Amino acid sequence: MHRSVRARVFGTTTANSFVAIPFGQLIGGFMAEWLRVQLYIGLVAGIYVAVVMSFLVTPVLHEMDRGRDLSTARFGQGWSQQK
């Protein structure tokens, strides 16, 4: 993903996630009634662990750990405009 559109993509993804929250709660309620509650909680916990573990192999997130050398930064300009 190009750096100039990364913020727009993440913003759109976040907005879509917040729109989906009520639907997820509704579906979760039906799933808890359809399955046993303990099985449903275990299923959701497994999915949650899988998503969190996927962050370990996402290269873009590893770039964030490196930080930025502020001694050569030119303030007042965006990330994509610096040389």
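Colleague: What share of the residues counts as buried?

Modeller: Of the chain's 83 residues, 5% count as buried, meaning under 20% relative accessible area with a 1.4 Å probe and protein chains only; exposed is over 50%, and partly exposed lies in between. This is a predicted model, where local features need pLDDT of at least 70, side-chain atom pairs count only at pLDDT 80 or more, and totals for chains, interfaces and linings use all residues. Residues are numbered from 1 along each chain as its sequence is written, and side-chain values use heavy atoms, without hydrogens and water.

Colleague: How many helices and strands are there?

Modeller: Three helices and zero strands. Both are DSSP runs numbered from the N terminus: helices are H or I with at least four residues, strands are E with at least two.

Colleague: Next, valine 51. Which helix is it in?

Modeller: Valine 51 sits in α2. Its relative accessibility is 43%, so valine 51 counts as partly exposed.

Colleague: And where is threonine 58?

Modeller: Threonine 58 lies in the loop between α2 and α3. Threonine 58 is partly exposed because its relative accessibility is 28%.

Colleague: What does the side chain of threonine 58 reach?

Modeller: The backbone oxygen of serine 54, at 2.9 Å.

Note on methods. Polar contact = N/O pair within 3.5 Å; in protein donor to acceptor, adjacent residues only side chain to side chain.
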